[in-house]
Amino acid sequence: MGCAAAQPHSVGDIMEAATLISFVIYSFVTSVTPGPNNFMLTASGVNFGFKRSIPHIVGIGFGFGLMVAMVGFGLGSILIQSPVLLESMRVVGIVYLLYLAWKIANAGAATGEGKVERPMGFINAAVFQWINPKAWIMTMGAITTYTNSGSHVSTFLLIGLIYGIISIPSVGVWALVGERFQTLLNSGRAVAIFNITMGGLLAFSTISSMVESYQFIKPYLVVAI
């Protein structure tokens, strides 16, 4: 008796598989490329080591995955319909990032001269994603590209879960690189210079958000004048 012929995959299944692979690649590329989270984790790796940075790393993955799922559930639509609220969140994010940049730049050396007492924890890292400009860009890109108005709730849960899981090793590698830098930065002065550089890069990452905020506020300024 011959074996039954295998049924060919439907076009729908192939498209779903292709979309999933595309989303995994999107998640990895957007998570691993430079941004506020990765600049902070590099500095954390240098100042505290990889092990002490793990709560920060996992907090990013959890917070970001939850953010993607909740935006997909409809929170994104609410924010888009409330531009003032969305802009307020962006301004808070800019101010907080500049504060973190100043804090990192003034951290000093990891040998005890520094002012930073401990790395960012799980909760703070998770909450930070909601005011992280890059996180919002990544989230809206994922929702608009890989879902539609007919997407099931399980789809949003899935992309949030996948994004969160993939982001953990993607951002974690930056903390590992930072820890490896410890052997190269063998003096307090070298570590201080590194922290100033990381703080400067973190501050620089807010420029595009500042420009967008200015464009939003500009019409109101003209009216006021």
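**Helices and a nonpolar surface patch**

Valine 127 is found in helix α5, where helices are DSSP runs of H or I with at least four residues, numbered from the N terminus. The model is predicted, so local features need pLDDT of at least 70 and side-chain atom pairs count only at pLDDT 80 or more, whereas totals for chains, interfaces and linings use all residues. Residues are numbered from 1 along each chain as its sequence is written, and side-chain values use heavy atoms, with hydrogens and water left out.

**The nonpolar patch**

- Valine 127 is exposed, with a relative accessible area of 52%; exposed means over 50%, buried under 20% and partly exposed in between, with a 1.4 Å probe and protein chains only.
- Ile54, Val58, Phe62, Leu66, Met70, Phe73, Phe122, Ile123, Val127, Val153 and Leu157 form a nonpolar patch on the surface, with about 940 Å² of accessible area together (residues with over 30% relative accessible area and no salt bridge, nonpolar side chains being joined within 5 Å).
- The elements that give two or more residues to this patch are α3 (50–80), α5 (122–128) and α7, and α3 gives the most, with six residues.
- Leucine 157, a member of the patch, has its place in helix α7 (residues 153–181) and is partly exposed, with a relative accessible area of 47%.
- Leucine 157 and leucine 66 are 91 residues apart in sequence, and their C-alpha atoms are 8.4 Å apart in space.

**Enclosed helices**

- Helix α2 (residues 36–48) has 13 residues and reaches 18 Å from its first C-alpha to its last, close to the 18 Å expected at 1.5 Å a residue, the expected span being 1.5 Å times one less than the number of residues.
- Because 13 of the 13 residues of α2 are buried, this helix is largely enclosed by the rest of the structure; glycine 49, whose phi is positive, near 90°, follows α2.
- Helix α6 (residues 133–146) has 14 residues and reaches 20 Å from its first C-alpha to its last, close to the 20 Å expected at 1.5 Å a residue.
- Ten of the 14 residues of α6 are buried, so α6 is largely enclosed by the rest of the structure, and the buried residues include Trp136, Met138, Ile143 and Tyr146.
- Asparagine 132 caps the N-terminal end of α6, with a side-chain oxygen 3.2 Å from the backbone nitrogen of lysine 134.

**Serine 213**

- Serine 213 lies in helix α9 (residues 207–224) and is buried, with a relative accessible area of 5%.
- Leaving aside its neighbours within four places in sequence, serine 213 is in contact (heavy atoms within 4.5 Å) with Glu87, Arg90, Val91 and Ile94.

Note on methods
A polar contact is a pair of N or O atoms within 3.5 Å; within protein, one must be able to donate a hydrogen and the other to accept it, and residues adjacent in sequence count only if both atoms are side-chain atoms. Patches are made of residues with over 30% relative accessible area and no salt bridge: like charges are joined within 9 Å, nonpolar side chains (Val, Leu, Ile, Met, Phe, Trp, Tyr) within 5 Å. Accessible areas come from the Shrake-Rupley method with a 1.4 Å probe; for residues, only the protein chains shown count as cover. A salt bridge is a side-chain nitrogen of Lys or Arg within 4 Å of a carboxyl oxygen of Asp or Glu.
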